[in-house]
Amino acid sequence: MSDPAVAAQAPVAIVLVNWNGWRECVECIDSVLAQAHQNFHLFIVDNDSHDDSIDRIAAWCAAPKADPKWRRQHGVDRYTDQPTRNSVPYRVVDRSDEGLPPAENGCRVTLIRSGSNLGFAGGCNVGIKAAGLDDFAYFWFLNPDTVVARRALVELIARAERQPGMGIVGSTLLFYDAPDIVHALAGGRLNRSNGACAHIGEYSSLSVVSSEESAVERDLGYVCGASMLVSTRFIREVGLMHEDYFLYYEEADWAMRGRNHFRLGFAPQSYVFHKSGVNSSKIMPLFTAGFFYRSRLRFVSRFFPDRMAAAKRKLFEEMLRHLARGRWGLARVVGLTLLTAPKA
């Protein structure tokens, strides 16, 4: 059993990877700055956005203000709710694989120009390198289109500290526009026979779904990158994320690489609200679908090469379902993925 006083002081590097989403990002920052656990530094990696994200986020830090369009979720505090709020000390730096000099005393936010679009895994790795592994006990990876409850980080650290060997811990992910509906309980199940995955509890009502910690952890094959607390020890021993996925399956890859030495955990009272729509999220945008299907096959070829034929059959079935429902674009994406996939 860990010392709660020690856990309360655990230094955390919070990493957000932004790409053309400064409006969502500043709302996320607003909730992060109001966390009950305040011993953190926020690293925002900008993946070569074309919407002036760096300048926009810096301007918000200099003069924080709320947007009247932001929704209010239970348990979420905002930095801009404070009657008197100061500017948020920040710095802007270029990407460096050699690490960054320590931030000046009082600096809360580091904005990093990555120089190119490195994908989710690449952006996270830039954040890890910028923070370094010597000054932080944990890394909290957040999607920038989330807002986080005041105790989200406290609950994640408490779960990580309670059991030795806990490598990655996930939150209760809820939909931003439907905060009583589950997006995922920590992460998802992984079908090792064909590489398919499914979020635990997705689209269930929070009031009826079982969010018992041990039950969810028994099913966890990976933790969703939308909210993922990773111990520094895990990163030291397992290494950085594999960047050849670009999008999707990088979290599953990380979990698989650490499975023999680390556990996956779930913090039920760590609430994170994700802006993925309840209805629209059921239909994947064409832009990301290609990454999703290619990453699935890459994951299977890396960890279960003898199951590649089964993984391709699963994709073929999904292509037929897309055709039956008139989703011609998605069917074409799956078909092209199968045509260009390596042979089993």
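Which helix gives the most to the lining of the second largest pocket? The legends below take up this and other close-up views of a predicted model.

In this predicted model, local features need pLDDT of at least 70 and side-chain atom pairs count only at pLDDT 80 or more, while totals for chains, interfaces and linings use all residues. Residues are numbered from 1 along each chain as its sequence is written, and side-chain values use heavy atoms, with hydrogens and water left out.

**View A. The second largest pocket holds about 380 Å³ of space.** Of the 16 residues that line this pocket, the closest to its centre are Trp22, Arg23, Val26, Asp67 and Trp70. A pocket is an open set of points on a 1 Å grid over the protein atoms alone, where a 1.4 Å probe fits and protein lies on both sides within 12 Å along at least five of seven lines, and lining residues have an atom within 4 Å of a point. The volume is the space filled by probe spheres set on the points, which are joined across faces, edges and corners. Helix 2 (22-32) and helix 3 (53-62) each supply at least two residues of the lining, and helix 2 gives the most, with 5 residues. Helices (H or I, at least four residues) and strands (E, at least two) are DSSP runs, numbered from the N terminus. The lining divides into 8 nonpolar, no polar and 8 charged residues, where Ala, Val, Leu, Ile, Met, Phe, Trp, Tyr, Cys and Pro count as nonpolar, Asp, Glu, Lys and Arg as charged, and the others, Gly among them, as polar.

**View B. Strand 7 (residues 166-175) has 10 of its 10 residues buried.** Buried means under 20% relative accessible area, exposed over 50%, and partly exposed in between, with a 1.4 Å probe and protein chains only. Two strands pair if DSSP finds at least two bridges between them. Strand 7 pairs with strand 13 (residues 263-274) in the parallel sense over 9 bridges, and here methionine 166 stands opposite arginine 263. With strand 12 (residues 227-231) the pairing is antiparallel, over 3 bridges, and valine 169 has leucine 229 as its bridge partner. Strand 8 (residues 178-185) also runs antiparallel to strand 7, joined by 4 bridges, with alanine 184 as the partner of leucine 173; a hairpin joins these two strands through 2 residues.

**View C. Helix 9 (residues 286-303) reaches 26 Å from its first C-alpha to its last.** This span is close to the 26 Å expected for its 18 residues at 1.5 Å a residue, the expected span being 1.5 Å times one less than the number of residues. Among its buried residues are Phe291, Phe292, Tyr293 and Phe299. The buried residues of helix 9 pack against strand 9 (187-190), helix 8 (250-257), helix 10 (308-324) and helix 11 (328-340), where contact means heavy atoms within 4.5 Å.

**View D. Aspartate 52 and alanine 186 each have a positive phi.** Most residues other than glycine have a negative phi. Aspartate 52, with phi near 60°, lies in the loop between strand 2 (40-46) and helix 3, and it counts as partly exposed at 48% relative accessibility. Alanine 186, with phi of about 70°, lies in the loop between strand 8 and strand 9, and it is buried, with a relative accessible area of 1%.
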